[in-house]
Amino acid sequence: MFKKLLCASLAGCTLLLASCTRILLPNESEEDFSGGIIYYSEEVSNQSKGEVSKEEPSSAPEMPSEDESKDVSIEVPVDPELTIPTKVTASSADAFFDGSVFVGNSIMLKYRNFVNKYRASSVPDFLGTSEFFCGGSFGVYHNNHTPADKEGSVNPAYKGVKYSVQDMVGVANPKRVFLNLAGLNDMGIYASASICAEETAKEMIKLIKDIRTSYTNVEVVVLSTTYMIKSYNSMPKLNNENLSIMNNLVLDYCNSNGIDYVDISTLLTENGCLADKYCSDPTSGGCHLNDSGCLVWTGLLRYYAEQKLAGKYKNPESMPALSKG
């Protein structure tokens, strides 16, 4: 299975990438990162291992009492070479991201808006010429099982056409793809809390395999899934325990197959949850990042680039094992 408790190794990236056109999703403003998280889902045909559950609440769960909740102390070894910026300025590391594509859900959509805001003002080369393929309510199960052209599909668009991640890679032909897609919009699909983390990890691993098999010239880099704040950490399936299990299963696969995995989650946590100070929606979602959280991501991504260039990057051995509640 996966190793418990952690040595959250943070990392850096080398991207000598081919240039692409930046993606702006149709009918979305720079400030729109809505779409939310799926706390329950409609039935999905041919779903493996069980029917769709209606257990997940569609609104905020009640806050656990002090007796019910457990604080988890996580020690994070931080490399002195890692710098978390207090504001966005130009960096030589950003050229590494030329020609890359960042794939994700509404969490990544917020980061896309953050990047584009600075590209349009003070830092035009922020993360190089990288593109973003992301959308609200998008998840790895939906990507793998729902045709992109189906009515109501939440797949993002590339140059005005909706694609699966696999097909987008074929059309965009990036040098490197950063995947931050699994978990938040997937856990509630499965009927049982006992299988949702493992099944979601399987879907993520399928996506990784599909890209690496079909596009051998494209490097896949996995970015860890971020967590819920404490007041949203008591749902039966979408909770930090299951998210950390899924993170570790995907990390184990990456470590066994020579795939880079970057922990962009642990530095955002306090007591085993996404820290409130990094959350933009503490009363209406409990998972999206604010600008402070985006600055942490920026520091970690640039650090990954620097470490990769220097030939020093190593994946984490494991991710922290978190708890529900």
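Leu127 sits in the loop between H1 and E2, in a model that is predicted. The phi angle of Leu127 is near 55°, which is a positive value in a residue other than glycine, and Leu127 is buried, with a relative accessible area of 0%. The loop that holds Leu127 leads from H1 to E2, and E2 belongs to an open sheet of five strands with parallel pairing, in the order E2-E1-E5-E6-E7.

- The open sheet is built from five strands in the order E2-E1-E5-E6-E7, and the pairing is parallel.
- Strand E2 (131-134) and strand E7 (260-262) are the edge strands, each of which pairs on one side only.
- Neighbouring strands of this sheet are turned by 20° against each other on average, with direction ignored.

- Strand E1 (residues 100-104) is mostly covered, since five of its five residues are buried.
- On one side of E1 the buried residues are Ser100, Phe102 and Gly104, and on the other they are Val101 and Val103, which leaves both faces of the strand covered.
- E1 and E2 run parallel and are joined by four bridges, and within this pairing Phe102 stands opposite Phe132 of E2.

- Strand E5 (residues 176-180) is mostly covered, with five of its five residues buried.
- The buried residues of E5 are Arg176, Phe178 and Asn180 on one side and Val177 and Leu179 on the other, and both faces are covered.
- E1 and E5 run parallel and are joined by five bridges; here Val101 has Val177 as its bridge partner in E5, and Val103 stands opposite Leu179.
- E5 also pairs in the parallel sense with strand E6 (residues 219-223), over four bridges, and the partner of Val177 in E6 is Val220.
- Between E5 and E6 the chain crosses through helix H4 (residues 196-214), in a β-α-β crossover that is right-handed.
- H4 lies across E5 and E6, and H4 runs at about 160° to E6.

**Helices H1 and H6**

- Two packed helices are described by the angle between their axes and the distance between the axes.
- For helix H1 (residues 106-119) and helix H6 (residues 291-309), the axes come within 10 Å and cross at roughly 85°.
- Angles of 65 to 115 degrees count as roughly perpendicular, and H1 and H6 are therefore roughly perpendicular to each other.
- H1 contributes Ile107, Met108, Lys110, Tyr111, Phe114 and Lys117 to the contact, while H6 contributes Asp291, Cys294, Leu295, Trp297, Thr298 and Leu301.
- Sorted by class, the contact of H1 with H6 has eight nonpolar residues, one polar residue and three charged residues.

- Ser137 is placed in the loop between E2 and helix H2 (140-145).
- The phi angle of Ser137 is near 70°, a positive value in a residue other than glycine.
- Ser137 has a relative accessible area of 18%, and because buried means under 20% relative accessible area, Ser137 counts as buried.

Definitions and conventions:
Residues numbered from 1 in each chain as written. Predicted model: local features only at pLDDT ≥ 70, side-chain atom pairs only at ≥ 80, totals over all residues. Heavy atoms only, no water. Axes fitted to C-alpha atoms, helices over the stretch in contact; angles between N-to-C directions. Helix = DSSP H or I, 4+ residues; strand = E, 2+ residues; numbered from the N terminus. Parallel < 35°, antiparallel > 145°, perpendicular 65-115°, else oblique. Contact = heavy atoms within 4.5 Å. Nonpolar A, V, L, I, M, F, W, Y, C, P; charged D, E, K, R; others polar. Buried < 20%, exposed > 50% of the residue type's maximum accessible area, 1.4 Å probe, protein only. Pairing = 2+ DSSP bridges. Right-handed = clockwise from strand over helix to strand, strands pointing away.
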